[in-house]
Amino acid sequence: MVGQPGHAPGPRSPAIRRLRRLAADAGFGLAVLALVSPAVLVFLWMLSLSLKNELDNTAWPPVFLPDPPTLDNYREVFARNDFLLFAWNSVVVSFSATGLALLVGVPAGYGIAKMRAIRAAALILIARITPGLSYLIPLFLLFQWLELTGTLLPIVISHLVITVPIVVWVMISFFEGLPGELEEAALVDGATIWQAFRHVALPLARPGITVATILAFIFSWNNFVFAMVLAGRETRTLPVAVNNMLTFEQISWGPLSAAALLVTLPVLLLTLVAQKQIVAGLTAGGVKGA
Amino acid sequence: MPRDIAILDGPAEAALPRGRRNYARRYAWFVVPAAVVVVAVILFPWLFTLYVSAFDWHLGSERRWVGLENYVRLFTDARFGWAVLRTLLYTVLAVVAPMVLGLAAALCFHRRFPLRGLARTVFILPMMATPVAVALVWTMMFHPQLGVLNWLLTQVGLPPSMWVYSAETVIPTLVMVEVWHWTPLVMLLILGGLASLPTDPYEAAKIDGASPWQAFRHITLPLLAPFIVVALIIRTIDALKAFDTIYVITQGGPGQASETINIFLYLQAFAFYNVGYASAVVVVFFAIIMVLAALLLWTRQRVKVT
Amino acid sequence: MNGITRREALRAGAAALAAPALVERANAQSAFDWRRFRGERIEVTVQLSPRGQFLQQNNKEFEDLTGIRVGLEVVPEQQHRQKIIVEYASGRPSFDVTEISLHVNKRQVGKARWNTDIKALLDDPALTAPDFDFADYGEGMVTYATQADGRLDSCPAGADYFILYYNKELFAAKNVEVPKTWDEMYEAAKRLADPSKQVYGHVGRGLKNANVVLWSSYLLGTSQRDMIDANRQLITDTPDAVWAGETYKKFLRDVSPPGSIGFNWNECQTTFMQGRAAMWVDGIGFAAPLEDARRSRVAGKVGYAVVPRGPGSHHCALFGAGYAIPEASRRKGPAWFYIQWALGKANQLKWLTSGAGVPARSSPFRNEEAIGQSHFPRDFFQTLEASARIARAGLPEIVPVTQFRDVIGTALTNTISGADVAAELKRATAEFRPILEQSERET
């Protein structure tokens with residue numbers, strides 16, 4: 001396989017060539033299959049675990065097809081946990097952290113792109129490099145001191161560590177890719193730089209904002225470590241809640257898998273729907289949460 | 001070129017004409033809100049950590065100023081030393097494997113074939129999946145007697161593996177989970193590179209009668225080099241920082257066989273409550289990451305020159 | 001000490017808060033007024049366990065009884081311990097009642113005086129219901145919960161003993177007797193193994209930290225028994241400690257499933273539930289899931305016995321929990337009401353009969369009628385009773401328990417992979433000694 005389509009033609013008979021081509025295609029098909037199957041199999045196994053009763057889940061040899069499938073595990077998830085509350089927390093945290101990040105990050109991306117301010121950008125890059133855990137001791141003590149623990153605010157604020165760099169990065173590359181002529185024309189016409197940004201650059205950057213929103217949302221949604229330390233009874237987010245399902249004294253593979261699937265389903269669906277934007281955003285720079 | 005790394009390349013600032021620089025300053029206001037946030041949630045923790053690292057402080061006891069003692073202790077702490085080595089081993093494996101696989105996958109997905117869009121989407125699903133949720137499912141699959149993975153191994157005639165239940169296999173197994181999660185990111189970064197490649201060299205190679213392998217080796221690979229290095233840098237940083245999966249699956253075990261710096265840090269801070277010592281770990285950990293990142297950036301400069 | 005002033009302060013505060021209820025109380029002078037704190041709101045945090053889930057399910061009962069609203073948080077034990085310590089240390093814990101793992105956190109919370117002494121509350125007839133009957137608590141549990149300085153800073157809630165679970169079916173098939181000594185148990189495990197069916201003679205905790213309590217179960221059978229001596233010096237590399245280590249190594253290495261090195265209670269439980277291991281020594285709380293036919297293949301086939309005796313003595317490891325009220329809480333009255341309800345006679349009896357845990361009170365054990373109706377077999381209750389008589393603390397009473405379990409646990413885990421027991425324990429003891437010394441100095 002090469003990076004470029006097309007093969008060098010060889011001096012062979014058409015039949016052999018066709019055969020070789022067929023073999024090459026089959027091999028290629030198998031390679032693609034091998035690439036996607038780990039992803040598919042893990043999710044399918046998750047689904048299978050979540051639809052079986054506990055005896056089948058720990059059976060040997062393993063039971064693959066739920067027979068009969070049961071929704072009991074899902075019922076238990078909703079009955080035993082404040083699952084809906086945690087889901088709501090996750091929604092609030094991820095949306096707020098993403099929204100705030102857009103509010104400060106989009107103008108910052110624009111400013112940095114215009115100024116070509118390398119140092120400012122590098123500072124934000126440090127956030128990308130720092131392990132998430134290392135923010136936690138000071139932030140925790142700070143929020144304790146401010147008496148903010150027990151609310152969602154500390155979690156939203158800590159998630160800014162993830163979302164702001166993502167938004168800024170994506171927006172820098174988008175604004176740099178935009179032709180500057182239109183804004184310059186607006187400036188010549190007497191617009192302020194804020195107006196040029198607001199009415200000229202911003203509408204043009206809308207695809208970039210979409211990408212930034214999706215990525216910031218997903219990585220905020222998936223984050224575990226901040227909420228693990230900062231969240232209290234009513235402020236847990238879903239990843240923490242699902243990890244907490246690992247009960248002492250009782251194993252429950254079924255409900256655990258059901259919960260795991262429910263947690264990750266929203267982002268998987270979002271990925272399926274918005275895969276084009278995600279691919280565009282990620283190829284433009286390796287953004288990922290802290 | 002991916003923006004976040006290009007930014008570190010050097011003084012593009014100087015490239016602006018002097019008149020434009022004053023003009024550019026007016027854009028500083030756009031950056032102020034973000035700067036405030038960054039200072040508050042990123043810089044403040046940093047300074048605080050640096051300060052606390054000079055104390056002997058167990059939560060619940062009095063703080064005691066000890067200067068650099070925590071650092072001295074850290075450098076003589078064999079357990080920390082092993083954690084560093086383990087982190088490096090984990091990083092090497094968790095960088096090389098996704099790089100190789102990601103490159104292969106990018107080459108596959110660069111070709112046109114039926115259902116390519118769907119296959120690519122499915123392929124990137126793991127990197128979007130919630131790591132904690134998936135890690136819990138992996139844990140069940142790794143059970144040495146009842147896990148589905150060992151059943152699959154025995155079905156194809158292989159001996160069962162101990163996965164995360166043995167000191168010898170725990171790191172490769174955790175790397176496997178990491179590969180599952182993050183190969184798609186490498187693939188996407190390199191795919192972006194492939195899309196930007198010029199077509200002319202290939203035309204020329206075709207005329208010269210080069211084989212596909214030769215074309216790959218002498219045209220594709222060199223042209224892709226900057227993208228590969230970017231992926232390498234990102235992967236290295238992420239592998240060094242790996243936490244969620246290890247914490248959920250092994251918590252650093254068996255014994256200390258998968259105790260990386262991050263897990264060591266977590267234990268010191270949130271299980272043993274040695275806040276001062278843990279802060280010193282944060283500082284040293286960050287230094288390690290910076291050194292490695294700088295090393296890779298330097299490599300990148302060399303790649304660009306050649 | 002300052003018990004009286006605190007009590008007075010409490011009374012004054014409580015009276016001010018309860019003013020609107022005065023009329024109601026006047027009408028019911030004789031009866032205890034459960035509703036004097038109605039309208040208040042408290043935060044309670046307990047560990048995730050059958051007990052925690054029991055409280056969760058019955059929360060409304062308390063709210064209806066007292067009119068106090070309860071925010072109940074249930075957190076997995078490890079995170080729970082970390083969480084409460086961090087919050088205590090901040091000076092502003094968010095909870096008014098918390099569960100304390102006595103075997104892990106007793107000394108730490110005691111030394112820091114984070115919790116209020118409940119003796120003052122117990123002595124106050126306005127705050128303590130007459131039928132609470134503190135004398136009902138077993139002396140052992142009260143001693144276990146009492147701090148070295150004599151303060152009772154948590155109300156004993158429950159005990160956990162290590163017992164021997166065995167698979168009656170496998171025992172019958174091989175005609176094996178229930179072992180009485182650790183050596184007999186090892187021989188039995190060898191006979192019970194059936195490699196062709198992937199059945200193992202024994203399963204037990206191998207995971208670092210979690211495994212220390214299994215090792216201490218063996219150590220409790222020696223004449224040394226403890227992990228620190230009377231001068232609070234570490235004695236974890238003595239000949240007795242090494243014997244316990246050798247026993248641990250041979251059980252985990254020779255007669256347990258491969259991969260035991262990473263087994264915590266949940267892997268052990270899964271293996272035992274599937275009928276893949278004949279014997280398992282662990283906490284008594286696992287009886288409930290093992291007898292649950294919806295998830296266990298061995299329900300109804302589980303045998304219960306006290307842990308075997310060692311060469312020097314016969315003890316089973318004891319762990320326990322108490323419920324405490326932080327000194328910093330501003331709602332100590334309602335919090336104490338909650339504890340009285342949660343650990344009252346009725347609820348403690350339900351814990352016992354549903355297999356949710358071992359109550360700290362002694363009255364449930366005497367309730368023959370309720371026990372007779374329980375779906376747990378007789379030998380379960382007999383084992384409980386017998387274990388209570390030989391129970392002894394399964395972990396040393398020191399502040400850095402977690403670190404102790406981490407360091408010693410690592411050494412034990414290493415022995416499963418073949419490392420020399422004496423050398424490992426020596427190294428671990430040397431590693432932990434300065435940590436203990438420092439923590440003792442910090443008083």
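Modeller: Ground rule before we start: helices (H or I, at least four residues) and strands (E, at least two) are DSSP runs, numbered from the N terminus. This is a predicted model, where local features need pLDDT of at least 70 and side-chain atom pairs count only at pLDDT 80 or more, while totals for chains, interfaces and linings use all residues. Residues are numbered from 1 along each chain as its sequence is written, and chains are lettered from A and ligands numbered from 1 in the order in which they are written.

Biologist: Fine. How far apart are the end C-alpha atoms of residues 275–298 of chain B?

Modeller: They sit 34 Å apart, and that span of chain B is 100% helix and 0% strand.

Biologist: And what about residues 179–198 of chain B, how much helix is there?

Modeller: There the chain is 85% helix, again with 0% strand, and the end C-alpha atoms are 30 Å apart.

Biologist: What does UniProt list those stretches as?

Modeller: The unreviewed entry has "transmembrane region" for residues 27–48, 88–109, 121–141, 179–198, 219–237 and 275–298 of chain B. UniProt positions are given in the numbering used here, feature names are shortened, and annotations may be inferred rather than shown by experiment.

Biologist: OK, switching to interfaces. How many residues do chain A and chain B put into their contact?

Modeller: Chain A brings 87 residues and chain B brings 88, counting two residues as in contact if their C-beta atoms, placed from the backbone, lie within 7 Å.

Biologist: Which helix of chain A gives the most there?

Modeller: α1 of chain A, residues 14–50, with eleven residues on the side that touches chain B.

Biologist: And how does that side of chain A divide by class?

Modeller: Into 64 nonpolar, 19 polar and four charged residues. Ala, Val, Leu, Ile, Met, Phe, Trp, Tyr, Cys and Pro count as nonpolar, Asp, Glu, Lys and Arg as charged, and the others, Gly among them, as polar.

Biologist: Now chain C. How many of its residues are in contact with chain A?

Modeller: 24 residues of chain C, against 18 of chain A. The largest share of that side of chain C, four residues, comes from α13(C). By class, the side divides into seven nonpolar, eleven polar and six charged.

Biologist: Which domains does chain C have?

Modeller: Domain 1 is 3–159 + 319–373 and domain 2 is 161–318 + 394–441, with bounds from an automatic or database domain assignment. Their centres, taken over C-alpha atoms, are separated by 32 Å. Each domain of chain C puts 15 residues into the contact between them.
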